[in-house]
Amino acid sequence: MPESKEREQAEPARSAVARAVGDPVSRRKFMALTGGSAAAAAFLAACGSDDDTTTTSSQMGGGGSSETAQFGKGDVGILNYALTLEYLEAAFYADVVKSGLFKGPDLETIRKFGEEEAEHVTALTAAVKQLGGKPAPEPKTEFPLESAKAVLELAGTVENLGAAAYLGQAANIKSPAVLGSALAIHSVEGRHAAALNTLLGKSITPDGAFAKPADVKTVLKSVEPFIVS
Amino acid sequence: MSHEELAHPELAGVHVDEDSGDLSRSEVILKGALAAGAVYGTFMVGPFVRRALAASGDGDVGILNFALTLEYLESSFYEEAKTRAGASGELKSLIALLAKDEREHVEALTATIKKLGGKPVAEPKFDFSYGDTAGFLKLAQTFEDTGVSAYNGAGPSIKSKEVLAAAGSIVQVEARHAAAIRLQNMEEPSPEAFDPPLGEAQVLKAVEPFIA
């Protein structure tokens, strides 16, 4: 943890995050410790999310295999879709770091989140190339950064959406190797979403015992306001 | 082997009951996975599970039955913890939530196995050895991280898109549980940027001695 100096500076004053969400000590400690990333997230498609049924296969994420066609064919399209979301999240955290809204351990956490995003971007870019595809371009983005609380809310929204996005595509992935990589990111995204939800005082499992997928159209519409070009 | 040598000594204290006379293959695999997790770290478990199940020829039903056994373990663990973990406040609420989620996973997996024409494994008896809230939390973290690793390891071997979708829906919730428990333990919710299982050959070699 290279930011120990900043952490010292932030104590004992309550951090911006702590003030923003009125969190207990344990959550502040969490911010200092957490190393999660933002990243969009994960794969596996989902199912069985209805509360009143035990069926686990009632709801496939995503429609046909062409749902991500605008990003490329087959697995390349799915990976480029994920890459686009990861770029967006990486840019978001980078902007938040620059905004000055967070200091000390909170800033450290956000920077760490951004670094993990960047790792996902790197991995997905490599995967696309490995499949002989052309990696999606980095979108230009702009995010509303009005207050620490608003930023945290947005982070939570983005993380949960990202996890749902991956879940919506998992079952469409053809290559077991790509699926394995996707799963490795998916569960990390789920962890991040739960951590942010905890920080925000929200349920760690907003969908209940079965996470729900989001289709491409829904996800893109949700992030559209942040994409400039 | 002494507990000092174990990466996760708390797992060595988990006893999967063999006295019922009909130890299912899933229980045997679970015992192996737990033993491997105890000695080599939880992230070694996933690929072992995948390989063990793939080798058995049981296909999706075999994977689901293994998952069901893991969910039985978690469900039993949290149900018991309601009165045993000595928790209060936020943690008490969290335990209730986890118990409910794991029970729902048990029900969903059971239904899915039946739907595929398979026979759901019976619920094993477990014996969890912990003495206090801290001990409970440590074991919970190991179980949740192990669960994530097991599902992720099995995922690429799943044939049916519906089953894969179901497994994905569950593993994300397991990952959320893992993050929440880790926060209770003041540990990073996501220790790494990726939750990948380790190399198969390495894992197999490591865990084979523990397969009954």
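This is a short walk through a structure with chains A and B.

Hi everyone, and thanks for coming. What we have is a predicted model, so to speak of local features we ask for pLDDT of at least 70, and side-chain atom pairs count only at pLDDT 80 or more, while totals for chains, interfaces and linings use all residues. Residues are numbered from 1 along each chain as its sequence is written, and chains are lettered from A and ligands numbered from 1 in the order in which they are written.

Let's begin with chain A. Its secondary structure comes to eight helices and zero strands; here helices are DSSP runs of H or I with at least four residues, strands are runs of E with at least two, and numbering starts at the N terminus. Of the 229 residues in chain A, 58% are buried. Buried means 20 or more other C-beta atoms within 10 Å of the residue's own, exposed means 12 or fewer, and partly exposed is in between, with C-beta atoms placed from the backbone.

Now look at two helices. H4(A), residues 74–99, packs against H6(A) at an angle of about 170 degrees, with the axes 11 Å apart. The axes are lines fitted to C-alpha atoms over the stretch in contact, and angles run from 0 to 180 degrees between N-to-C directions. That makes the pair roughly antiparallel, the word for angles over 145 degrees. On the H4(A) side, the contact includes Ile78(A), Leu85(A) and Phe92(A), and on the H6(A) side Val151(A), Val158(A) and Tyr166(A) are among the residues. Contact means C-beta atoms, placed from the backbone, within 7 Å.

Staying in H6(A), residues 148–169, we find Asn160(A). Is Asn160(A) buried or exposed? Asn160(A) is buried, because there are 25 C-beta neighbours inside 10 Å. Leaving out residues up to four places away in sequence, Asn160(A) touches Ala193(A) and Pro206(A). Asp215(A) is 55 residues from Asn160(A) in sequence, and their C-alpha atoms are 13 Å apart.

On to chain B, where there are eight helices and two strands. In sequence order, the pattern is α-β-α-α-α-α-β-α-α-α. Chain B has 212 residues, 56% of them buried.

One helix to find on your screen is H5(B), residues 89–115. Its 27 residues reach 40 Å from first C-alpha to last, close to the expected 39 Å; the expected span is 1.5 Å times one less than the number of residues. Just after H5(B) comes Gly117(B), with a positive phi of about 85 degrees.

Definitions and conventions. Two residues are in contact if their C-beta atoms, placed from the backbone, lie within 7 Å. Angles under 35 degrees count as roughly parallel, over 145 as roughly antiparallel, 65 to 115 as roughly perpendicular and the rest as oblique.
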